[in-house]
Amino acid sequence: MIQLFDSGAYLLNGTEIIPDNAQAELLIKNKTGRDIGKEEAKKETIAFGILEKHNTSNNMDKLKLKFDQLASHDITFVGIIQTARASGLEKFPVPYVLTNCHNSLCAVGGTINEDDHMFGLSCAKKYGGVYVPPHQAVIHQYAREMMAGGGKMILGSDSHTRYGALGTMAMGEGGPELVKQLLCQTYDINMPEVVGVYLKGKPIEGVGPQDVALAIIGEVFANGYVNNKVMEFIGPGVSSLSADFRIGIDVMTTETTCLSSIWRTDEGIKEFYEIHGRKEEYKELNPGDAAYYDGMIIVDLSEIRPMIAMPFHPSNTYTIEELNANLTDILREVEKKALISLGEQVEFSLMDKVRDNRLYVEQGIIAGCAGGGFENICAAADILEGASIGPDEFTLSVYPASTPVYMELVRNGSVAKLLSTGAIVKTAFCGPCFGAGDTPANQAFSIRHSTRNFPNREGSKLQSGQISSVALMDARSIAATAVNKGFLTPATQVDLSLKAHPYFFDKTIYENRVFDSKGKGNPDEPIKLGPNIKDWPSMSPLPDNLILKVVSEIHDPVTTTDELIPSGETSSYRSNPLGLAEFTLSRKDPDYVGLAKEIQKAEKARIAGEDPVKANGELQNIVEIIRKQFPEADMKNTGIGSTIFAVKPGDGSAREQAASCQKVLGGWANIANEYATKRYRSNLINWGMLPFLIEKGELPFHNKEFLFLPNIRKEVQEKKEVVTAYVVGEKGMKEFSLTIGELTEGEREIILKGCLINYNRISA
């Protein structure tokens with residue numbers, strides 16, 4: 001079904017794969033008549049050409065990228081624009097689209113959410129942007145319909161910023177990276193490796209894009225095969241897929257932890273742009289006749305079967321047939337895996353979902369940037385036509401990804417088919433993906449064509465004894481399950497009469513409702529600041545030395561951003577740094593906030609010229625022990641703060657708040673064996689936090705212990721790869737080593753100055 005190469009590979013003329021070995025270059029020369037080496041062949045990937053076009057450094061090993069367009073939603077754009085304003089923003093230098101698809105439910109926290117929307121509209125007017133009102137479109141669907149273009153690059157403050165199927169290289173990053181673009185700075189990375197994803201064959205009927213995506217994720221996530229690399233989709237199988245099908249696979253590449261994605265384009269994508277009235281944006285993209293890939297994945301589409309990603313990760317994959325055939329064994333294995341994240345915080349069971357030897361689920365959701373596409377919903381409606389979802393616990397909700405999609409589903413009768421079954425069709429909204437809408441009941445099991453199924457993401461609160469589960473599936477199998485009134489069923493096991501539904505894009509609603517400044521701002525436009533929209537607190541430069549208290553120690557194999565800063569109910573506070581910080585690690589380590597704030601009292605006293613020991617008495621012995629070995633370390637040159645340890649933090653969302661909330665509470669660093677994504681590490685750096693690495697094995701420190709980092713400022717300035725640190729205890733000081741990893745000159749300066757805001761203020 002899926003094959004991973006142990007080495008790189010050459011692709012000849014788009015169809016022939018030659019593994020990288022001692023004979024490869026000679027074989028290529030004989031076949032092509034070209035004496036081409038590996039480094040030259042790397043330049044023939046689609047990705048290289050697009051990156052080269054957008055690179056401003058004149059050095060393809062050290063990229064400094066400028067993007068064509070930017071996109072944010074209402075959980076992220078307030079913080080981004082507030083940061084940029086504090087750094088001297090005058091206008092949006094490139095098209096910047098502000099959608100309102102996450103905080104669309106204006107019912108929690110008083111006027112908070114709608115205040116954020118009005119902030120966005122006023123900023124679009126002032127700085128020259130585009131404002132998409134609530135319920136019109138989810139961020140990524142609007143980008144596909146109105147922003148994407150062949151050979152372009154888009155940067156978004158949402159991790160699922162992926163438009164590779166349309167020939168657009170897109171990346172999801174934390175807000176500070178968008179701030180840099182707004183200030184005409186660059187996105188600085190080393191040239192990423194490019195992995196080919198060679199598609200062949202054609203999916204059988206009943207298999208959808210989520211099935212293909214989950215099959216790939218299941219093969220590449222745990223081994224890091226594409227981590228921080230570009231996935232380039234090639235091969236004849238690409239043309240067997242419709243544009244919507246390709247988009248559905250592409251958006252899920254985020255869950256592999258890749259950096260970005262790009263696809264070869266053809267008549268199917270040309271037709272997509274023509275349908276959307278933007279035929280000039282189409283560009284045919286193909287690799288050169290001898291392209292080299294740093295890895296190769298071969299996917300036989302004809303062998304893919306309906307898939308399910310069981311709780312609590314998109315990589316926890318099985319075929320639905322396999323799950324149903326080995327139900328008890330697999331459910332017990334999933335329960336066992338869940339204990340790693342859930343611990344003993346709450347009782348968790350899936351075995352009670354087994355009824356008459358079949359798995360019963362209480363909820364089905366088809367939604368958002370992954371599931372809410374036209375073809376997915378049409379297929380679900382066709383499968384459900386004439387059926388009933390039943391009057392029992394099982395419910396089904398469908399969220400079209402944009403109003404134009406919704407309008408066409410109404411016109412072709414799909415909405416009527418769905419409603420007649422007992423399903424509910426709702427407006428464009430991302431809420432089900434992060435726990436702000438259609439949250440299941442306690443201990444309920446939900447199947448969703450959406451993007452993620454991390455613990456807590458669907459609305460659970462472990463500290464309150466609440467837990468529910470999400471499994472990811474394709475819309476087609478969700479509909480098949482609905483036909484059987486909640487009993488898990490792959491779409492290949494029901495009578496299928498899927499029809500070809502032509503799509504007609506009507507952008508009238510956008511023309512009537514979307515504010516588009518056409519790039520012309522009005523500097524005199526006042527910004528509307530609701531009472532919950534707060535400025536960032538002041539942040540200090542990196543001091544000469546640091547005393548850090550470890551305030552959380554997490555040994556889960558992976559820690560998601562949802563565990564670092566919960567989604568769902570916290571979204572109303574995303575514009576209030578201090579208010580939001582109260583939720584940091586609240587579902588993973590409820591003691592974190594109190595411990596961090598307690599040690600932060602000492603730093604606040606130090607900054608105010610007061611005695612930090614009086615503010616935090618436990619420092620008395622710590623300072624005395626440090627001064628014995630480092631008498632030059634005093635309270636004028638030694639900062640005090642907190643740090644956390646996690647094995648592999650940062651999987652999932654691009655939300656910068658996973659880092660900024662720690663900083664607001666006095667965090668100076670993270671310590672990890674590795675970072676799950678480039679974007680989380682970048683968020684740490686942009687908020688002035690040191691992204692330390694420590695070798696795997698027994699830790700030299702533990703939670704609630706103190707660490708001392710002498711001369712840390714000097715070591716950062718001097719580009720030291722290894723940093724000396726000490727565990728400070730009653731018996732003295734125990735030395736150990738940390739590494740920082742590679743930093744660009746800009747990143748180094750940001751850390752030294754305390755955060756990106758300080759960097760830009762001082763640089764200006």
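**A tour of rings, charges and cysteines**

Start by selecting K648 and F221: the charged end of K648 sits over the ring of F221, 5.7 Å from the ring centre. Keep in mind as you click around that this is a predicted model.

Next, pick Y225 and K229. Here K229 lies over the face of the Y225 ring, at 6.0 Å from its centre.

Now for rings meeting rings. Searching the whole structure turns up 18 aromatic pairs. Select F374 and Y503 for one of them: the ring centres are 4.8 Å apart and the planes make an angle of 45 degrees, so this pair counts as tilted. F374 belongs to helix α14 (residues 374-384), while Y503 is in the loop between α18 (475-483) and α19 (508-513), so you're looking at a link between distant parts of the chain, 129 residues apart. Both F374 and Y503 are buried.

Hop over to W536 and W687, a tilted pair with 4.3 Å from centre to centre and 45 degrees between the planes. W536 sits in the loop between β25 (515-516) and β26 (545-554), and W687 in the loop between α26 (678-686) and β31 (690-693), so the pair ties together parts 151 residues apart in sequence. These two, W536 and W687, are both buried as well.

For a group, select F92, Y96 and Y127, which form one aromatic cluster.

Last stop, the cysteines. How many disulfides does a search of the whole structure find? The count is 0. C184 is partly exposed, at 47% relative accessibility. C378 is in no disulfide either, with the nearest cysteine sulfur, that of C369, 18 Å away. C378 is buried, its relative accessible area being 3%.

Methods. Residues numbered from 1 in each chain as written. Predicted model: local features only at pLDDT ≥ 70, side-chain atom pairs only at ≥ 80, totals over all residues. Heavy atoms only, no water. Disulfide = S-S within 2.5 Å. Buried < 20%, exposed > 50% of the residue type's maximum accessible area, 1.4 Å probe, protein only. Phe/Tyr/Trp six-rings, centres within 6.5 Å; stacked < 30°, edge-to-face > 60°. Helix = DSSP H or I, 4+ residues; strand = E, 2+ residues; numbered from the N terminus. Lys NZ or Arg CZ within 6 Å of the ring centre and 35° of its normal.
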